[in-house]
Amino acid sequence: VQLQAYGGGSVQPGGSLRLSCAASGRIFRITGMGWYRQAPGKQRELVAGFTSGGSANYIDSVKGRFTISRDYGKNTVYLQMNSLKAEDTALYFCNGAIQSDPRDVARSYWGRGTLVTVSS
């Protein structure tokens, strides 16, 4: 299983970006997908994600600005980021809890990060 994230870039404060993350390979079922970020000198943190029950969770600092959505038919999760701030600058990673075989448990997979830079 591989996760490929893309859509990062450089924007000015107040701008928008949309990140996408597509899972490929041997996939029986996706039980959860989400986005994490890691800013320089800081720990990786969960930004937004879907639980196995299907509900979306957000870190407080992005509520009302970021929206996570998914298309499991395409094995893809998106992160629409609006009203970006300098403090959103980070390397963004997608994570998926994916079951490859019906007899196996879901395992955690990470994609390579995509850099988001918010600067004037």
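Trainee: Does Phe93 count as buried or exposed?
Mentor: Good place to begin! This is a predicted model, in which local features need pLDDT of at least 70 and side-chain atom pairs count only at pLDDT 80 or more, while totals for chains, interfaces and linings use all residues. Residues are numbered from 1 along each chain as its sequence is written, and side-chain values use heavy atoms, with hydrogens and water left out. Buried means under 20% relative accessible area, exposed over 50% and partly exposed in between, using a 1.4 Å probe and protein chains only, so at 10% relative accessibility Phe93 counts as buried.

Trainee: What kind of aromatic pair do Phe93 and Trp110 form?
Mentor: Rings of Phe, Tyr and Trp (its six-membered ring) pair if their centres lie within 6.5 Å; planes under 30 degrees apart are stacked, over 60 edge-to-face, and the rest tilted. The count by this rule is two aromatic pairs. For Phe93 and Trp110, the centres are 6.5 Å apart and the planes make 85 degrees, which is edge-to-face.

Trainee: How many residues apart are Phe93 and Trp110?
Mentor: Strands are DSSP runs of E with at least two residues, numbered from the N terminus. In the edge-to-face pair, Phe93 belongs to strand 9 (residues 90-99) and Trp110 to strand 10 (residues 107-110). The pair links distant parts of the chain, with a separation of 17 residues.

Trainee: Which residue lies over the face of Phe93?
Mentor: A charge sits over a ring if NZ of Lys or CZ of Arg is within 6 Å of the ring centre and within 35 degrees of the ring normal. Another example is the ring of Tyr72, with the charged end of Arg70 over it, 4.6 Å from its centre. Over Phe93, at 3.8 Å from the ring centre, lies Arg44.

Trainee: How many residues does the largest nonpolar core have?
Mentor: A nonpolar core is a set of buried Ala, Val, Leu, Ile, Met, Phe, Trp, Tyr and Cys residues joined through side-chain atoms within 4.5 Å. Among those with the most contacts inside the largest one are Cys21, Trp35 and Leu79. Strands that each supply at least two residues include strand 3 and strand 9. The size of this largest core is 27 residues.

Trainee: Which residue in strand 8 is the bridge partner of Arg70?
Mentor: Strand 7 and strand 8 run antiparallel, joined by six bridges. Their hairpin has four residues between the strands, and Asn75 takes a positive phi near 55 degrees there. In strand 8, the bridge partner of Arg70 is Val77.

How values were computed: Two strands pair if DSSP finds at least two bridges between them.
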